[in-house]
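Here is a short briefing on one protein chain. Please keep the structure in view while reading.

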Amino acid sequence: MAGRAAAPGAALLLVTANVGSLFDDPENLQNNWLHEFYQVVHAHTPHFMALHCQEFGGKNYEASMAHVDKFVKELLSSDAMKEYNRARVYLDENYRSQEHFTALGSFYFLHESLKNIYQFDFQAKKYRKVTGKEIYSDTLESTPMLEKEKFPQHYFPECKWSRKGFLRTRWCIADCAFDLVNIHLFHDASNLVAWESSPSLYSGIRHKALGYVLDRIMDQRFEKVAYFVFGDFNFRLDAKSVVETLCTKATMQTVRAADSSEVVKLIFREADNDHKVLLQLEKKLFDYINQEVFHDNNGTALLEFDKELAMFRDQLQELDINFPPSYPYSEDRSRGRQYMNTRCPAWCDRVLMSPAAKELVLRAESEGELATYDHIGPDVCMGDHKPVFLAFHLAPGAGKPHARVHKCCVVQ
């Protein structure tokens with residue numbers, strides 16, 4: 001690891017992970033998850049590392065508090081992280097507050113060789129030097145080093161206990177300032193509703209929430225800087241197009257509830273071949289006959305149906321996706337590659353960036369420091385989501401155009 005200090009610029013590792021499963025079954029999942037995570041840290045040896053977690057603590061937060069404390073302690077004190085002598089941890093543990101609780105957890109680790117790094121104080125509008133290890137939890141609304149919001153309830157009224165929201169921090173490394181935004185957008189509540197229209201009802205809800213976050217990042221309160229937005233976007237493939245493609249020559253059978261006309265199930269059968277069932281679709285069932293279509297060539301044939309980012313192409317960009325859909329994987333430890341049949345597999349977990357941030361990534365690539373955009377634990381059970389990461393370098397002098405601006409704001 002020490003050799004990294006001599007490398008040009010600073011190595012960054014940005015990781016997003018929906019970790020709810022880890023707290024529902026900690027004995028079976030956490031050790032494997034941490035082992036795979038540490039493997040990525042060892043492989044990329046970053047100077048600065050950000051881990052954005054969603055559903056931190058799992059579905060039953062109050063019952064999982066002991067597991068939460070153990071997980072945090074392990075991350076901060078393990079041998080694999082011993083060279084990271086500074087850390088900031090922000091955990092939204094205020095689960096009793098329906099108005100504010102997001103279940104987001106943001107972890108930031110600084111390697112001992114990294115000298116000039118500052119974090120922005122949003123209240124004082126100044127950068128402050130980062131020293132020591134600090135954990136902030138419970139009520140984050142009063143913490144000046146971040147901005148956090150839960151999306152308004154009316155955004156997704158059918159989900160009464162939604163925890164979706166975002167948490168933003170700002171950093172400055174070697175005069176290069178950037179925002180890191182941990183985000184969790186709304187899910188698809190029903191496969192049947194998602195199938196009804198293109199784009200789906202839920203896609204429109206995510207569009208509204210993501211637009212709200214981008215407006216906050218780019219408003220007039222603070223200087224505009226490059227930004228990385230990474231988390232569980234819950235982006236889904238266009239369900240209607242996917243079903244039509246997977247079942248091109250199939251016949252569809254509609255099953256309705258006995259006591260109403262409500263559609264409760266769709267069954268797609270081959271027109272011949274003894275009418276073999278290809279796909280069964282229910283509110284929480286997406287049972288397709290051939291899962292390998294989502295793994296073949298990393299599922300890239302299905303990327304044409306990944307459309308939700310298109311409407312933000314001027315604000316959010318991404319490196320090429322060369323890994324299979326990140327959700328929903330089986331939570332069975334013996335089936336690390338297998339998807340659950342609850343939802344159509346999709347690239348929910350992403351590392352996105354502003355055009356200015358992408359320039360930072362590509363500038364280092366032009367100087368020979370290639371970026372890596374991939375998932376973690378391809379053959380290991382990591383819970384229902386595979387973590388996704390972006391590893392890249394900040395080239396020397398990347399922030400020079402703004403150096404004077406940031407230095408004048410620093411509080412030593």
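With 412 residues, a compact globule would have a radius of gyration near 22 Å, and the protein chain agrees because its value is 22 Å. That radius is taken over C-alpha atoms, and the globule rule is 2.2 Å times the number of residues to the power 0.38. This is a predicted model: local features need pLDDT of at least 70, side-chain atom pairs count only at pLDDT 80 or more, and totals for chains, interfaces and linings use all residues. Residues are numbered from 1 along each chain as its sequence is written, and side-chain values use heavy atoms, with hydrogens and water left out.

**Overall build**
- The C-alpha trace spans about 70 × 45 × 45 Å along its principal axes.
- The protein chain holds eight helices and 19 strands. These are DSSP runs (helices H or I, at least four residues; strands E, at least two), numbered from the N terminus.
- Of the contacts with a separation of 6 or more, 72% join residues 24 or more positions apart. Contact means heavy atoms within 4.5 Å.

**Surface and charge**
- Buried residues make up 56% of the 412 residues. Buried means under 20% relative accessible area, exposed over 50%, and partly exposed in between (1.4 Å probe, protein chains only).
- The accessible surface comes to about 17600 Å², and carbon and sulfur atoms account for 48% of it. The areas come from the Shrake-Rupley method with a 1.4 Å probe.
- There are 48 positive and 56 negative side chains. Lys and Arg count as positive, Asp and Glu as negative; His and the chain ends are not counted.

**Nonpolar cores**
- The largest nonpolar core has 63 residues. Such a core is a set of buried Ala, Val, Leu, Ile, Met, Phe, Trp, Tyr and Cys residues joined through side-chain atoms within 4.5 Å.
- Strand S18 (residues 388-394) gives the most to this core, with four residues.
- Phe48, Phe178, Leu180, Phe228 and Leu390 have the most contacts inside the core.
- Leu390 touches residues including Leu12, Phe228, Val351 and Tyr373.
- Another core, of 37 residues, lies apart from it; Val15, Val40, Val41 and Tyr61 are among its members.

- Asn28 sits in helix H2 (residues 26-44). Asn28 is partly exposed, with a relative accessible area of 31%.
- Asn28 and Met382 are 354 residues apart in sequence, yet 10.0 Å apart in space, C-alpha to C-alpha.
- Asn234 lies in the loop between strand S11 (226-232) and helix H6 (239-246).
- Asn234 has 4% relative accessibility, so Asn234 counts as buried.
- Asn234 touches several residues, among them Lys164, His184, Arg206 and Cys348.

Technical notes
The place of a charge is taken as NZ of Lys, CZ of Arg, CG of Asp or CD of Glu. Lists of a residue's contacts leave out its neighbours within four places in sequence.
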